[in-house]
Amino acid sequence: MATIFTKIINGELPSYKIYEDEKTYAFLDIEPEAEGHTLVIPKIEVDKVYDLPDSDYQAVMATVKKLARHMEEVLGERMQIKIVGIDVPHAHVHILPVNENWAGERNIKPTEEEFQLLQEKLKLS
């Protein structure tokens, strides 16, 4: 059975996509710890980051690097990168700003309008 992330990639579920290339897909986390909390996922469904084929692992990390730099420039804050790997059985990397508003493992609750505005602000082509 496909993971929720595979369903997002396939367009079966909506997302606030901010970046996509041949091997990766990045979108805003719908339960963010901070404004701009983004998930970067490989397009292939593999449970653990360290089980990805090298080319997909490198693609994910290249996207993380590209987006973290972009997000830091746009949001004006240092980015935190973390791999948790237990909540969804599909490899993924979190990118989120660290500031005085960081909820630290707690979720903030943006409105639909706030998500859409942030998506436009962070979108990278």
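1. Strand β5 is mostly covered in this predicted model: five of its five residues are buried. In a regular strand, side chains alternate between the two faces of the sheet. Both faces of β5 are covered, with Val 93, Ile 95 and Pro 97 buried on one side and His 94 and Leu 96 buried on the other.

2. Strand β5 is joined to β3 by three bridges, and the two run antiparallel. Within β5, Val 93 has Val 40 standing opposite. Four bridges join β5 to β4, again in an antiparallel arrangement. Here Ile 81 stands opposite Ile 95 of β5.

3. Helix α2 covers residues 54-75. Its 22 residues should span 32 Å at 1.5 Å a residue, and because the end C-alpha atoms are 31 Å apart, the two values agree. After α2 comes Gly 76, which has a positive phi, near 70°.

4. The buried residues of α2 include Asp 56, Ala 59, Val 60, Thr 63, Val 64 and Leu 67. An α-helix has 3.6 residues a turn, so residues three or four places apart point the same way. The buried residues of α2 are covered by elements including β5 (93-97), β3 (38-42), β4 (79-82) and α3 (112-122).

5. How many cavities of 30 Å³ or more are there? The count comes to one. The largest cavity has a volume of about 40 Å³. Its lining includes Leu 28, Asp 29, Glu 35, His 37, Ile 108 and Phe 115. By class, seven lining residues are nonpolar, two are polar and two are charged.

Note on methods:
Residues numbered from 1 in each chain as written. Predicted model: local features only at pLDDT ≥ 70, side-chain atom pairs only at ≥ 80, totals over all residues. Heavy atoms only, no water. 1 Å grid on protein atoms, 1.4 Å probe; cavity = no way out; pocket = protein on both sides within 12 Å on 5 of 7 lines; lining within 4 Å. Points joined across faces, edges and corners; volume = space filled by probe spheres on them. Nonpolar A, V, L, I, M, F, W, Y, C, P; charged D, E, K, R; others polar. Expected span 1.5 Å × (residues − 1). Buried < 20%, exposed > 50% of the residue type's maximum accessible area, 1.4 Å probe, protein only. Contact = heavy atoms within 4.5 Å. Pairing = 2+ DSSP bridges.
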